[in-house]
Amino acid sequence: MAPAFRGAHALPRFAGPVLFLAFAWAPFASPPYAVRCGVGLLLWMAVWWLARPVHLAVTGLLPLALAAVFGFARMSEILPSYADELIILLFGANILTTAWQRWGLDRRIALLSLAAFGPGARRQLIAWFIVSTALAALLPRVVVAATMIPIVVAMLRFMGVEDLWNSKLGTSLVLAVAWGSSLGGFVTPLGGAPNLLAMKFVQDMVTHHEFLFTTWVTRLTPLTIGVVLASGVYISGVFQAEMAQSDRPRVYFLDELRSLGPMSGAERVSLLLFVSATTLAFMRGTYSQLLPALSPAYVFLALGLVALAVRTRGEPLLTWEFAQDKMMWGLFCVFAGGNALGAVLNTTGAAGFLAGPIVPYASRGPLVATLVFAGLTMVLAQLVSNVATVAVMVPISVRVFQAAGINPIPYIYVIIAASHCGFMLPSSAGSSAVAAGYGINLRTMFVAGFGAVCICLAVIVAISVFSIYFWPGFATA
């Protein structure tokens, strides 16, 4: 991760603490103290993540320190965010890809990627976006981001891009993977925990019968197609304008690839370990009953430890001394900080406080209701994880619409789709946190993400309102 930018001025460094204290010590009783602190923490972290007066990892540690000092949340509610299974997954994946660097496998993979997709910026963007979207339909988006982004970073290193913060090309390609991972995640229930949580809410609070996977896919496929197409066009247009086309033809990369010669034994073992971890993560359902604790996180960790233990031709595949110098330690703090912020907003009631003003709009017709609920869900999705967003918004929508005598099912589909559009901040989505951890430009993420959010909001509202009026099946689950 890149260090804090040179010449960081004092204003953002002090603006964050001032905003937090202004909210926490405000001389009024409503909202409660814990809610005010949650909102203040959100503002502090947002300012520091965007302006970078300190390293991104430092900002990621703020929830722990502030909760301990100001007592607005129990440490037992925040600390698990820093030991989340996804942190273990990222740690294990990072070990495995560090072995690539030791033996030059990252260079070989980079050349293969450039030869396959071509050196053109537009082709690279669309290719990585589509591949990530397709994989996220079947896998949790963080797993997709954690396995795909290291490959993109390896390709960028070969092209001479080391500092992603100051590289428009690097930031754009990593964001293409992160956003593709997010958008592909709601077309099937297998796309992540928020989908399964939404299914449970529908079954327990509305239909009281099983929510079939086929029903989910048929109802959400039109929304998925719409947002993916619109986002792909947006990514291609916005980021393409900022990137230079490579002047090296595909044959150059093929020649470079041939010059490396055949893969060494160490390269083969390094690749085998990573592919094995990824494959086992994909096939989790086949062995979950036999090994219920062996989730993808521990698969990557176990095979990462194998990489540190095995030897090839008498030499260690990877040593800890080499690994600790190459590991993305700040990545873990940034990711954990995003998780912790979401936990604080959820447990303090700050997320519910932000959602409160939408209640009167439920009975003002499908267009207004869809626009308001989709819009607020997207705002919330920029601040907390989509699991927390679904946990807040779906129960609220069910209560509000049922109280108004309106079927809540169509609006739950709207909320599910909108909850996967967290593009602007590291706290908004697991894939965005992974991207941020690799040191991409967070100002670009915020500004470009805002445009993507607006486009996705327009597409979701248009398709949903059309479906409410003209597709009876959209009202069933």
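Visitor: Which helix gives the largest share of the lining of the second largest pocket?

Guide: That share comes from helix 7, which supplies 6 residues to the lining of the second largest pocket. Helices here are DSSP runs of H or I with at least four residues, strands are runs of E with at least two, and both are numbered from the N terminus. A pocket is an open set of points on a 1 Å grid over the protein atoms alone where a 1.4 Å probe fits, with protein on both sides within 12 Å along at least five of seven lines, and lining residues have an atom within 4 Å of a point.

Visitor: Before we go on, what sort of model is this, and what do the numbers rest on?

Guide: This is a predicted model, in which local features need pLDDT of at least 70 and side-chain atom pairs count only at pLDDT 80 or more, while totals for chains, interfaces and linings use all residues. Residues are numbered from 1 along each chain as its sequence is written, and side-chain values use heavy atoms, with hydrogens and water left out.

Visitor: Back to the pocket, then: how much space lies in it, and which residues lie nearest its centre?

Guide: The second largest pocket holds about 250 Å³ of space, a volume being the space filled by probe spheres set on grid points that are joined across faces, edges and corners. Its lining has 15 residues, and Trp100, Ile109, Ile151, Leu271 and Val275 lie nearest the centre. The elements that give two or more residues to this lining are helix 7 (105-117), helix 9 (141-158) and helix 14 (265-282).

Visitor: How do those lining residues divide into nonpolar, polar and charged?

Guide: The lining of the second largest pocket has 11 nonpolar residues, 3 polar ones and 1 charged one, where Ala, Val, Leu, Ile, Met, Phe, Trp, Tyr, Cys and Pro count as nonpolar, Asp, Glu, Lys and Arg as charged, and the others, Gly among them, as polar.

Visitor: New topic: how many salt bridges are there?

Guide: The structure holds 3 salt bridges, each being a side-chain nitrogen of Lys or Arg within 4 Å of a carboxyl oxygen of Asp or Glu. One of them joins the side chains of Arg108 and Glu267 at 2.9 Å, N to O. Arg108 belongs to helix 7 and Glu267 to helix 14, so this pair ties together parts 159 residues apart in sequence.

Visitor: Are Arg108 and Glu267 buried or exposed?

Guide: Both Arg108 and Glu267 are buried, which means under 20% relative accessible area, whereas exposed means over 50% and partly exposed lies in between (1.4 Å probe, protein chains only).

Visitor: And which side chain does Glu315 meet in a salt bridge?

Guide: Glu315 meets Arg102, at 3.4 Å from N to O. This pair links distant parts of the chain, with Glu315 in strand 2 (residues 315-316) and Arg102 in helix 6 (residues 85-103), 213 residues apart. Glu315 is partly exposed at 36% relative accessibility, and Arg102 is partly exposed at 25%.

Visitor: What about Arg74, what does its side chain meet?

Guide: Arg74 meets Glu77 in a salt bridge of 2.7 Å, N to O. Arg74 is exposed, with a relative accessible area of 56%, whereas Glu77 is partly exposed at 24%.

Visitor: Last one: where does Trp165 lie?

Guide: Trp165 sits in the loop between helix 9 and helix 10 (168-183), and with a relative accessible area of 3% Trp165 is buried. The C-alpha atoms of Trp165 and Gly439 are separated by 5.6 Å, although these residues are 274 residues apart along the chain.
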